[in-house]
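Trainee: Could we talk through the aromatic rings in this one? I would like to understand the labels.

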Amino acid sequence: MIFTQQSIKALAKEYYGLSGEVTALNGFDEQNFLLKDSDGKKYILKVATDEQGYEFLDLQVKILQHLSLYPNAENFQKPVLNKNGDALTIHQEDGKNYYIRILSYLEGTFWADGENYPDELFLDFGFFLGKMDCELQNFNHVPLQRRLLWDLSNSADANAKLHYIKDHEQRRIAAYFLLQFEMEVLPLIPSLRHAYIHNDVNDYNVLVSENKVSGVIDFGDTIYTALIHNLAIACTYAILHNDDPLKAASLIVKGYHQSYPLTEQEVDLLYYLIAARLCISVTQSAYNTAKQTDNAHHFLSEAPAWKLLQQLIKMNPLKAQESFRKACGFASVVNENDDYISLLEDRKKYIGRNLSISYAKPLKIVRGALQYLYDDKGNTFVDGVNNVSHVGHCHPTVVRAMQKQIAKLNTNTRYLNDNMIDYAKAITSLLPAKLSVCYFTNSGSEANDLAIRMSRHFTQQQDLIVLDHAYHGNSTVAIEMSPYKFDGKGGFVQKPYIHKTVSPDMYRGQFQYGDEDAGKKYATSVQEIIEQLHTNSKGVAAFICETILGVGGQIPLPENYLKEVYTHVRKAGGVCIADEVQVGFGRMGEAYWGFELQGVEPDIVVLGKPTGNGHPLAAVIVTNEIADSFNNGMEYFNTFGGNPVSMATGHAVLKVIEDEGLQKNALETGNHLMQLLKDLMQKYKIIGDVRGYGLFIGAELVTNRETKEPAVKEIDIIVEKMRERGFLLSTDGPLHNVIKIKPPMVFSKQNAEALAKNLDEVLKEFY
């Protein structure tokens, strides 16, 4: 029943003997009214139903009565007693119970209605909240059996509403933080201090007067739960519109600790608890949108909540932990002066000496979150180069799939298991029909090795044709067919059965941009090798090529190149292998696989790095003819290749790519970043070329655009300076002068713009 202002006026008179003006107010679970008597004194009248229940409403009354016994009683509403001396009135109408309360009125401005608050107010807010919680520590009441949506202990329940969030990026971030809550917070909740708390100290329940907190209202979400939840919730809403949320939250924590000391354990959980509260809020808003509710109260915090979640995921959790600890005077968790000398010595002692480290100042990465990496000093880095984590570091969908399967079973492939067949069906459905048989391995190197072995079985030939400067992995066979390795420092003599064809480089090669026949011309180099083999009474086993050259310099193949090459190779009886280890799974944007850009269908496709999002999973996918040839009596068995956990992981990666539209994101974000880099090329002569597809981009640096002298010294400085600014890039190419950009597929336009802006500022130092 909806009570009118007139009926409320009558009820106030009947039960409380109060007369005056009545004005309806907004409310969430209850109907609220402002009552002003003839003397101008104001009250809040609240009407609830059996949905809230007598016991819970009585709890709210008891809490306010408890707080009225303490020195700061004026900061809380006081229940007004009815004619029978009760604080809670039961009114029956139409066969239903309605519960009426009248509370004193508190003066002040809602926190949400102010802006540019001074630091002192945040400090005072924390002090006020700590004092209130301290006063409630001795409040005793029979615990109520109810599971409250807004109890942070139940944050994991929000997972059930994630699907209502339609924006892929937003849903992904919320899912990530809910996963972290389950990992970092949930196991510790039983060990935390518990008490009755307000549980909804939001910006519309906090009153401010003269830069002091003058009161807290509405105990409608009161619950017995972990004490730290109250501080986390208060911080969440107080910093919603703040440009420096960590500073503001730390001031609140400091004030709280001064009036009611916190424990280190409680403080260390605050970052994830704040994120969890936001996740409950945004999933509930999405749910309400789906249900087409018209209650504006349901959406008050939605936009700022998403903004704060974006701020949080860009914030290293260690930085937040350190700031909160510092606010309380606790021991530091960050050693800014650690130069890793001891760690580096141990690495040198126990790890192979020729395992290199990125950057002159080494990074110690301790956590990953989608397109961000966090180090041990509290710094956050936008990951612009780790394409192995194809759908993002610690993507919740992939993590949960791995967790679920590894908790159930992981064994070898000599037993029947649905996961292997399900994944094989899924991956082959994305490839040309003739590529229908899968062999699973653990790495791209192993997959390339197997692909060569199969091609030699099929053709009964030994010789391979590879591109100059190519890299195909670190197995013995892969090294033998990788000029990047065998022609480099520490390399060995090129094997007589390995033949290098010219790299089809449209920037530096013989045939360059603007030559419409460049693809065909570069392909003649392959034909010449085949003819020389025939002259020596040899055939060709396979031609293997990345469908966009990675280590070779981030080079897109010229139009029709593979069409011409594949024609030559097949005519000679050879097998055409597409190395999609770095290129595939939608990264190209315009196509799911790199070979599709060339309008060809290979005989063998090799998959690696992104297949398992960093989990060791790779594959060789072949035609029936090649598979039959390889089935020659010798068993192919791979202990871990195709295990149930790997298969569940691979399937989850495919699901994420499709469900989150990551191929489209690669196209749109990649094109945007390419244009931003080309704009920089117009400003800075050091950028000689920008090339690529989707989120596979290279920018070649030169000291002179005419001579194309490689800017090797300069590129190292630029990459280091970008690292100092929080952007991880790397170098590539035979001349080591190409900036490679191959980020996780969740890399956003905002990330692209930030990267380009910072690169612009770095390049100004050169020109």
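Mentor: Happy to! At 5% relative accessibility, Y196 counts as buried, a term for under 20% relative accessible area, with exposed over 50% and partly exposed in between (1.4 Å probe, protein chains only). This is a predicted model, where local features need pLDDT of at least 70, side-chain atom pairs count only at pLDDT 80 or more, and totals for chains, interfaces and linings use all residues. Residues are numbered from 1 along each chain as its sequence is written, and side-chain values use heavy atoms, leaving out hydrogens and water.

Trainee: Why is Y224 called partly exposed?

Mentor: Y224 has a relative accessible area of 44%, which lies between 20% and 50%, so the label is partly exposed.

Trainee: What makes the pair of Y196 and Y224 edge-to-face?

Mentor: Rings of Phe, Tyr and Trp (its six-membered ring) pair if their centres lie within 6.5 Å; planes under 30 degrees apart are stacked, over 60 edge-to-face, the rest tilted. Here the centres are 5.4 Å apart and the planes at 65°, so the pair is edge-to-face.

Trainee: Why is W593 counted as buried?

Mentor: W593 has 0% relative accessibility, so W593 falls under the 20% cut-off. Its edge-to-face partner is Y592, with 5.0 Å centre to centre and 75° between the planes.

Trainee: How do you know that R193 lies over the face of Y260?

Mentor: A charge sits over a ring if NZ of Lys or CZ of Arg is within 6 Å of the ring centre and within 35 degrees of the ring normal. R193 lies 5.2 Å from the ring centre of Y260.
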